[in-house]
Amino acid sequence: MTKNEAVKTSPRVIAICSGKGGVGKTFFSIHLASKAGQQGLRVLLLDADLGMANVDVMLGMSGKGSIRQVLSGAARLSDVLVHTKQGFDVLPGGSGFSDLSALNTQQQQILMDEMREAEKNYDLVLIDTAAGIGDNVLFFVASAESSLVVLTPDPTSLTDAYALIKVLSQQRDVHRFMVLVNQVDAFEGELTFRRLMSVADRYLDVQLDYVGCVPNSKDVQKAVQRQSLLTSGEAFQAMDIALSSVLSRPRDDSRQGGLQFFWEHSLGQGLNAEQGVGSSV
Ligand SMILES: Nc1ncnc2c1ncn2[C@@H]1O[C@H](COP(=O)(O)OP(=O)(O)OP(=O)(O)O)[C@@H](O)[C@H]1O
Ligand SMILES: [Mg+2]
């Protein structure tokens, strides 16, 4: 299959990532999946926080297995997919194991082979990654067409978001990022984004696109506790604007073709980085 043919059939792939943990990636990912599903898109949410996954917990669902069985060859990806009542499919990342914290080349190959089959059934693939700059995060983000960085106004979150963007741009050739600021009002959200952009503009070859912000809200905590989606209130309204902004963005012409077209590139970049080719500021 040529790249042009693949582009016609391949889903859009968006990775959701952050430098610091606990900033709202999974919460935003499940709502993005739900909204896209409501718009009629066929959506797969891949829980890529392997071994510490919690998409299933937030949705109050349970599956028959996880990506772990797929990677060990014990199951096919289609066997462990969960069709959620929220209107999208989830590939569970599994919980309580550490052996997949850095997928090896063979495991990456198995996953990409399985995804090549599965992605024909979807219009949109979302990848909810772990926090930080671990190998899996770099692999998954570099394998996606677009990436969304989530951060809070906390200075450590800002610094870690910058570090993630820096590593992805310098070692994995990812230069364009959507940015969501969580737990802020509109003014502080804009300010936090500008802080990140001013330092990124100065030192990195990247383009950052602000998609919006979500206020700090008890409604969010209640929804998480109830294991259900947020459906109303101020935080919901603000998040909905950000979700629409992500979903309405045009595809990136330079990065189309589904997961399979990036994984080899990603692997190559990873090897170069390990060999010390990646530079750092
Ligand atoms: N806008 C918000 N207002 C209040 N609480 C929030 C908000 N966003 C997220 N939270 C709280 O932060 C917690 C962590 O959210 P979530 O699990 O989505 O973060 P994460 O970035 O996926 O974390 P991890 O890095 O561990 O995967 C949630 O359980 C929720 O209670
Ligand atoms: Mg998470």
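Colleague: What should I know about the conventions?

Modeller: This is a predicted model in which local features need pLDDT of at least 70 and side-chain atom pairs count only at pLDDT 80 or more, while totals for chains, interfaces and linings use all residues. Residues are numbered from 1 along each chain as its sequence is written, chains are lettered from A and ligands numbered from 1 in the order in which they are written, and side-chain values use heavy atoms, with hydrogens and water left out.

Colleague: How many salt bridges does the structure hold?

Modeller: There are ten salt bridges, each being a side-chain nitrogen of Lys or Arg within 4 Å of a carboxyl oxygen of Asp or Glu. One of them joins the side chains of Glu145 and Arg12, at 3.9 Å from N to O.

Colleague: Where do Glu145 and Arg12 lie in the chain?

Modeller: They belong to distant parts, 133 residues apart: Arg12 is in strand S1 (residues 12-18), and Glu145 is in the loop between helix H7 (135-143) and strand S6 (146-151). Helices (H or I, at least four residues) and strands (E, at least two) are DSSP runs, numbered from the N terminus.

Colleague: Are Glu145 and Arg12 buried or exposed?

Modeller: Both Glu145 and Arg12 are buried. Buried means under 20% relative accessible area, exposed over 50%, and partly exposed in between, with a 1.4 Å probe and protein chains only. For Glu145 the value is 4%.

Colleague: And which residue does Arg251 pair with?

Modeller: Arg251 forms a salt bridge with Glu145, with 3.2 Å between the closest N and O atoms. Arg251 sits in the loop between helix H11 (234-248) and helix H12 (260-274) and Glu145 in the loop between H7 and S6, so this pair ties together parts 106 residues apart in sequence. Arg251 is partly exposed, at 26% relative accessible area. Through shared partners, Arg12, Glu145 and Arg251 form one network of salt bridges.

Colleague: What about Asp99?

Modeller: Asp99 makes a salt bridge with Arg68, whose closest N and O atoms are 3.2 Å apart. Asp99 is in the loop between strand S4 (89-91) and helix H6 (105-118) and Arg68 is in helix H4 (residues 67-72), so parts 31 residues apart in sequence are tied together. Asp99 is partly exposed at 45% relative accessibility, and Arg68 is partly exposed at 33%.

Colleague: Changing topic, which residues come nearest to ligand 1?

Modeller: Of the 19 residues around ligand 1, the nearest are Gly22, Lys25, Thr26, Phe27 and Asn182; a residue counts as near if one of its heavy atoms lies within 4 Å. Helix H2 (25-38) and helix H10 (218-226) each supply at least two residues of this shell.

Colleague: Which backbone atoms approach the ligand?

Modeller: A backbone N or O atom of Phe27 is 2.9 Å from an oxygen atom of ligand 1. A polar backbone atom of Pro215 lies 2.9 Å from a nitrogen atom of the ligand, and a backbone N or O atom of Ser217 lies 3.0 Å from a nitrogen atom of ligand 1. The protein covers 82% of the 630 Å² of accessible area that ligand 1 has on its own, computed by the Shrake-Rupley method with a 1.4 Å probe.

Notes: A polar contact is a pair of N or O atoms within 3.5 Å; within protein, one must be able to donate a hydrogen and the other to accept it, and residues adjacent in sequence count only if both atoms are side-chain atoms.
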